[in-house]
Amino acid sequence: MKIKILVPIYNDWQSASKLLDEIDNNISDLDYEISVIIVNDASTHDRQEEQKDFNNIQSIKILNMKINQGHARCIATGLKYIFEKEDFDYVIPMDGDGEDRPEEIKEFINQIENSNNNPIVGERVKRSEKLIFKICYQLHKLITLTFTGKSIKFGNYTCLPKSTVEKMIKEKATWNSFSGSLKKIENNLLPIPSTRASRYFGPSKMSFLNLIKHSLSIMSVFRKTFLIRSGLFIILYILFIKSNASVVTALPLVFLLIAVYSISNLALRENMAEYDKALSNISDIENIK
């Protein structure tokens, strides 16, 4: 069985180097052909040339992008490249900074026999961020469930069979939101517990503003349901506050209208014509093993 590990990277080469070491160590007792494909999102920092011996990783390729396109689109590009150019059975997308723990790769692979060719997703059971961020993250999941009817407890760290990868590269939402697209195209997901670890180096890049954008991007995938439920909420809320209307009680409506506007703009990112041309953004491919 051939498995590709897909890793988007922007400037964080120190973490990428450590991640490759950790992957190599953690797959030592797995009898699979495991390769790594790194999508370099037009990094502005040069990668240090290192001579390393990897005993267990079959091959390592770096896809160097011409133009920076963001995390979600790097994964989308990587999926398209792997499907069209590589021989594989499964793809495991994961972050390159250590927050997705390499030791959990075994858990994904061990569940393949039980998955019935369905995607395996790492549901977050523990996070390393501060309390206020954890509260905001739980609020994000609650709001997403309320306005879309979808419970999404996973991120990029998944194990996708070839059939799912094929569906994803034909779905325009993949160009905008990985987890939203996966939830849209697949009804049967096999969850396994996953712990969100701390970055190898430096602070987490998932800021409060990035969390809001992440949440809105997911909801934009299910925008029809979101707009219907938002309309119902507005009607019911106006009826509820009509005798106590004020600037303060109107704030939820203002926030919701801002969300509607933002989601409408984010939905424009779902551009299949752009996604079809994604591989043209690859300037060159480095084989480092």
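The model is predicted, so local features need pLDDT of at least 70 and side-chain atom pairs count only at pLDDT 80 or more, while totals for chains, interfaces and linings use all residues. Residues are numbered from 1 along each chain as its sequence is written, and side-chain values use heavy atoms, with hydrogens and water left out.

I will start with the helices. Helices (H or I, at least four residues) and strands (E, at least two) are DSSP runs, numbered from the N terminus. Helix α1 covers residues 13–26. Its 14 residues should span 20 Å at 1.5 Å a residue, and the end C-alpha atoms are 20 Å apart, which agrees. The expected span here is 1.5 Å times one less than the number of residues.

Which residues of α1 are buried? They are W13, S15, A16, S17, L19, L20, I23, D24 and N26. Buried means under 20% relative accessible area, exposed means over 50%, and partly exposed is in between (1.4 Å probe, protein chains only). The cover over the buried residues of α1 includes β1 (2–9), β2 (33–40), β3 (60–65) and α3 (105–110), where contact means heavy atoms within 4.5 Å.

Next is helix α4, residues 131–148. With 18 residues at 1.5 Å each, α4 should span 26 Å, and its end C-alpha atoms are 26 Å apart, in agreement. Buried in α4 are F133, C136, Y137, H140, K141, T144, F147 and T148. They cover an arc of only 150° around the axis, so they lie on the same side of α4. The arc is that of the directions from the helix axis to the C-beta atoms. As background, an α-helix has 3.6 residues a turn, so residues three or four places apart point the same way. On the face of α4 turned away from its buried side are the exposed residues L131 and I132. After α4 comes G149, with a positive phi near 75°.

A brief stop at helix α5, residues 162–169, which contains E166. E166 counts as partly exposed because its relative accessible area is 31%. E166 and L6 are 160 residues apart along the chain, and their C-alpha atoms are separated by 15 Å.

Now the salt bridges. A salt bridge is a side-chain nitrogen of Lys or Arg within 4 Å of a carboxyl oxygen of Asp or Glu. How many are there by this rule? The count comes to 19 salt bridges.

One of them joins R199 and D97, at 3.3 Å from N to O. This pair links distant parts of the chain, 102 residues apart: R199 is in the loop between β7 (190–195) and α7 (208–221), and D97 is in the loop between β4 (90–93) and α3. Both R199 and D97 are buried.

E270 and R223 form another, with the closest N and O atoms 3.3 Å apart. E270 sits in the loop between α9 and α10 (272–276), and R223 in helix α8 (residues 223–241), 47 residues apart. E270 is buried because its relative accessible area is 8%, whereas R223, at 24%, is partly exposed.

There is also a network of salt bridges linking D95, E99, D100, R124 and R196.

Last, the surface. V248, L251, V254, F255 and I258 form a nonpolar patch with about 480 Å² of accessible area together. Patches are made of residues with over 30% relative accessible area and no salt bridge; like charges are joined within 9 Å, nonpolar side chains (Val, Leu, Ile, Met, Phe, Trp, Tyr) within 5 Å. Accessible areas come from the Shrake-Rupley method with a 1.4 Å probe, and for residues only the protein chains shown count as cover. V254 lies in helix α9 (residues 251–267) and is partly exposed, at 41% relative accessibility.
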